[in-house]
Amino acid sequence: METGKKSGKGKKEAVCCLVFLLLLYGLWAADLLCPDRLYSDWEKRLLAQKPAPEAEDVLNGSYMEAYEEWLTDQFPARDRWIGLKTRCELLLGKKEIDGIFIGKDGYLFSESDQTADWDRLEAQAEEQFGEETVSRIHVPAAGAVLTEKVPYGISFSMREDAVSQNLTAHRAEYIYYRTDHHWTMLGAYYAYEAWAKERGLRPVPLSGLLPETVREDFLGSHYARLHYAEREDTMELYDPGMACSVVYDLGESDLSGLYQPELLTSEDAYRFFLDGNHGVVQIDTGQGKGHLAVLKDSFANCLIPFLSVHYRKITVVDPRYFRSDPVSWLAGQGVTEVLIVAQDTVTVAVTVRISAGIQPAMGICS
């Protein structure tokens, strides 16, 4: 009887061993047969390529480090494994995974690092154009506005001003994406509305902007980190209907228009607005008056169409991609006003540890 038990146990161990070997060699074969991916659309970065085994690199250990980085980036079905890992951590009760906080109703939140030295740019613009001509929209993080959606014991920093107050007043509406760190176009509208009133402008009425659903299954930057979403997002367009002439990158790009519909089916669908981030975009409406310069990060991309109602010209500059000093360059462009639209550094305070999984989060850039 004992011999039979040992025999059965030995067969199970042999099967387990065989399955492990098949999995191991299967992954090895996949590594050999599958071509390396150059770029990850989800992660928006270049992926490590297989290193050549040079003798010097092998001896000093740098080859193995490069090989491990390549193996991590090029691991077969890597995105699915990340999603599986996320689900396992959720089953363990974690509320923070890879810098993303798991909120209620499918909302995902994160801290964020400042994307440029906006205070310095604001000071330069005020010196160049005059304080009265310079304004700024400090973009609040989703977690700072949607406080009822964040995990218990977590709070996000936020500057108190007219923009944050208007967004907070409308927090029951769909003003931030669940799977992305950006606001929706409706959220951008409420920021624009508060800014316009402060500047003495009459904001275009929301009642005259009929929302058009342009994508029903949007998955954003937070999904890209976790490959997990409880609910997909809906992208809506609130188009004020201005016919604009748009030039990208001083004519070096053949793009035109405020929207890029062909990108709605891509993994980076937020690029539908202004084709994402460019060094400079020049917009001519042929109506209104004045020349507005917008220094911005990606939060401004879906806000720009509302500004087109008020100005004849709008020059949009993203300092992260512009090749020279933006304020000095704008000084020669006939600018009459300057608006800065960007998110400040957003920090998270953990006041109650509800899970061993909560750790200080890493930032995510716009």
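So, the largest nonpolar core: 64 residues, and the ones with the most contacts inside it are Ile137, Trp183, Phe273 and Leu307. By a nonpolar core I mean a set of buried Ala, Val, Leu, Ile, Met, Phe, Trp, Tyr and Cys residues joined through side-chain atoms within 4.5 Å. Buried is under 20% relative accessible area, exposed is over 50%, and partly exposed is in between, with a 1.4 Å probe and protein chains only. Helix 8 gives the most to this core, 10 residues. Apart from it lies another core, of 18 residues, including Val280 and Leu330.

Quick housekeeping: this is a predicted model, so local features need pLDDT of at least 70 and side-chain atom pairs count only at pLDDT 80 or more, while totals for chains, interfaces and linings use all residues. Residues are numbered from 1 along each chain as its sequence is written, and side-chain values use heavy atoms, with hydrogens and water left out.

Strands here are DSSP E runs of at least two residues, helices are H or I runs of at least four, both numbered from the N terminus; two strands pair if DSSP finds at least two bridges between them. Strand 10 pairs with strand 11 (residues 280–284) in the antiparallel sense, over four bridges, and tyrosine 248 stands opposite valine 281 in strand 11.

Now, histidine 181. Where is it? In the loop between helix 7 (162–169) and helix 8 (185–198). Histidine 181 is buried, at 10% relative accessible area. Its side chain makes polar contacts with the side chains of serine 221, at 2.6 Å, and histidine 182, at 3.5 Å. A polar contact is a pair of N or O atoms within 3.5 Å; within protein, one must be able to donate a hydrogen and the other to accept it, and residues adjacent in sequence count only if both atoms are side-chain atoms.

Most residues other than glycine have a negative phi. Leucine 274, though, has a positive one, near 60 degrees. That leucine is in the loop between strand 10 and strand 11, and it's buried, at 1% relative accessibility. Aspartate 105 also has a positive phi, near 55 degrees; aspartate 105 is in the loop between strand 4 (100–102) and strand 5 (108–110), and is partly exposed at 39%.
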